[in-house]
Amino acid sequence: MITVHGVSLSPFARKVLFGLEHKEIAYEQIPVFPGDDSEAFAAISPLNKIPVLEDDGFTVPDSSIILRYLEARFPDKPLYPEDPQQQATACFLEEYADTKLMDCCAGLFREKFLNPNLFQKPTDDDVVSTILNDTLPPVLAYLESAAQEDGFFNHEHLTVADIGITSAFMASSYADYQVDADAYPKLAGYLERAFGSTLVKARFKQEQDWLASMNP
Ligand SMILES: N[C@@H](CCC(=O)N[C@@H](CS)C(=O)NCC(=O)O)C(=O)O
């Protein structure tokens, strides 16, 4: 049995859940929160971060490494292009989404959703303004230059690039952030297609159900 350790609203746990759901692999989830300092969690997550994947007693941390593991273990419905250059590009886009893009999207998510709704802390408007005006625009410009006009982000089938990029923008959607379609038409069009997909709709639904169970 496959088990994911990590809460669904973590953008990195979300990447793994996407991978499993795309490949139609049954899994269980243990909702470990970020910052869990238990000995049991430290034993399976040396960097003390979620997510961790468990497969019949074998454990592997880090969303990108987990997706690689899932691909090797369950090759059907591949997440990586076969062509080496296209594969490298998809992996780089995943890395870019996990770092540059995630810093912005997770910052908006933390300031505008987590802090006021779950942590009873006010939104820091200066942080939000710095992200929106300074940090995010060059990231959006790069993604606009890399996006396809149609279909998936930059390949004929869904890849880890789609998973990373969509997962980050799902985080910022909780902060009511939307990409400006006039300024970034290819990226906004891509996100409209991605957010309209069955995979993403089902993921949002599971996250909403989990949130509702936290605040009955
Ligand atoms: N590179 C890691 C990043 C994972 C990560 O940063 N997870 C966050 C939650 S979204 C976390 O556990 N943070 C806790 C901490 O840094 O102490 C991955 O891709 O899985």
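**View 1. The shell around the ligand, sorted by class.** The shell holds 5 nonpolar, 5 polar and 3 charged residues. Here Ala, Val, Leu, Ile, Met, Phe, Trp, Tyr, Cys and Pro count as nonpolar; Asp, Glu, Lys and Arg count as charged; the others, Gly among them, are polar. This model is predicted: local features need pLDDT of at least 70, side-chain atom pairs count only at pLDDT 80 or more, and totals for chains, interfaces and linings use all residues. Numbering starts from 1 along each chain as its sequence is written.

**View 2. The residues around the ligand.** The ligand is surrounded by 13 residues. A residue is near if its C-beta atom, placed from the backbone, lies within 6 Å of the molecule. The closest are S10, F12, P34, K49 and S63. Helices α1 and α3 each give two or more residues to this shell.

**View 3. The open sheet.** Its 4 strands run in the order β2-β1-β3-β4, with mixed pairing. Strands (E, at least two residues) and helices (H or I, at least four) are DSSP runs, numbered from the N terminus. Strands pair if DSSP finds at least two bridges between them. β2 (27–30) and β4 (58–61) each have a single partner strand, so one side of each lacks a neighbour in the sheet.

**View 4. Strands β1 and β2.** β1 (residues 2–5) pairs with β2 in the parallel sense over 4 bridges. The bridge partner of I2 is Y27, in β2.

**View 5. Helices across the sheet.** α1 (residues 11–22) lies across β1, β2 and β3 (52–55), at about 160° to β1. α3 (residues 63–73) lies across β3 and β4, at about 135° to β4. Contact means C-beta atoms, placed from the backbone, within 7 Å. Angles run from 0 to 180 degrees between N-to-C directions of axes, which are lines fitted to C-alpha atoms, for helices over the stretch in contact.

Notes: Contact = placed C-beta atoms within 7 Å.
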